[in-house]
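Thanks for sending this one over.

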Amino acid sequence: YTYTSPLGPEDLDSLFDSPTNYDDGTNIGGNYCTLNPLDRQSTNGTLSNGNLDITQSSAAWAMYRSTMFVSSGKWYWEVTIGNNQYPTIGICTDAYQMASASNNWVNGSSEMFGYYPYNGQKYNGGTNASYATADTTASGSVIGVALDMDNGTLAFYKDGTSLGTAYTGLTGKNVSPTHWLYNASNADSYNFGQRPFAYTPPTG
């Protein structure tokens, strides 16, 4: 019996993943982060594409943390925005109890730090401040996130251009990449290194 797959190479999406980092001279791999379907508030939002894409089509906030928390080291990831309104990108500490609310946004706790492209503001719980130019047509933009836990800083990039340091003083915290999304039908898509990045990560 011979099985012939109806799928061609262009239909397959096979990504390296390993419990440890490795480089065999041809392939470089590691244990890559994804959004975590078990670490979300309420039942809001849907993950797909190996838990790298998030959609939320109802009038409530979906909030997902990732499968990894970090307290040291330098980390970079990207999210391609699929919606013009309401995506929020950032981090949340392990001190926040995800099940404690069903419709929290990044302004809901001081344990959350995020960037809201729609109005250009950065939020840490109830504290917000101007950070970047408001972008009401953000669909298609790639937001890079540079998290330096050795120096306690969080910075964002838009299509490869630095928006500057958003937050300092994160040293000593244990944080996870986090995404918030409200009433948006298209997927916001993450890349934690499973694929080549759209833009070169910052030096170091």
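**Notes on a predicted model**

1. Let's begin at Asn191. Leaving aside residues up to four places away in sequence, Asn191 touches Trp77, Glu78, Pro196 and Phe197. Please keep in mind as you look around that this is a predicted model.

2. Where does Asn191 sit? This residue is found in strand β14. Asn191 counts as buried because its relative accessibility is 10%, and the cut-off for buried is under 20%.

3. The side chain of Asn191 also has polar partners on the backbone. One of its polar atoms lies 2.8 Å from the backbone nitrogen of Gly193. The side chain reaches the backbone oxygen of Pro196 as well, at 3.3 Å, and Pro196 is also among the residues that Asn191 touches.

4. From β14, step across to β5. Strand β14 covers residues 175–191 and pairs with β5 in the antiparallel sense, over eight bridges.

5. How many residues of strand β5 are buried? Ten of the 14 residues in this strand (53–66) are, so you will find β5 mostly covered.

6. Two further strands pair with β5. Strand β3 (residues 35–40) runs antiparallel to β5 and is joined to it by two bridges; here Arg40 stands opposite Tyr64. Strand β4 (residues 46–48) pairs with β5 in the antiparallel sense too, over three bridges, and Ser48 stands opposite Asp53.

7. Four residues lie between the two strands, and Asn49 takes a positive phi near 55°.

8. How many salt bridges does a search of the whole structure find? It finds two. In one, the side chains of Asp39 and Arg65 meet at 2.9 Å, N to O. Asp39 lies in strand β3 and Arg65 in strand β5, so this pair ties together parts that are 26 residues apart in sequence. Both partners are buried: Asp39 has a relative accessible area of 13%, and Arg65 has one of 5%.

9. The other salt bridge is formed by Asp135 and Lys158, with the closest N and O atoms 2.6 Å apart. Asp135 lies in the loop between β10 and β11, while Lys158 belongs to strand β12, so the pair ties together parts 23 residues apart in sequence. Asp135 is buried, at 10% relative accessible area, whereas Lys158 is partly exposed, at 26%.

Key: Residues numbered from 1 in each chain as written. Predicted model: local features only at pLDDT ≥ 70, side-chain atom pairs only at ≥ 80, totals over all residues. Heavy atoms only, no water. Buried < 20%, exposed > 50% of the residue type's maximum accessible area, 1.4 Å probe, protein only. Pairing = 2+ DSSP bridges. Polar contact = N/O pair within 3.5 Å; in protein donor to acceptor, adjacent residues only side chain to side chain. Contact = heavy atoms within 4.5 Å. Salt bridge = Lys/Arg side-chain N within 4 Å of Asp/Glu carboxyl O.
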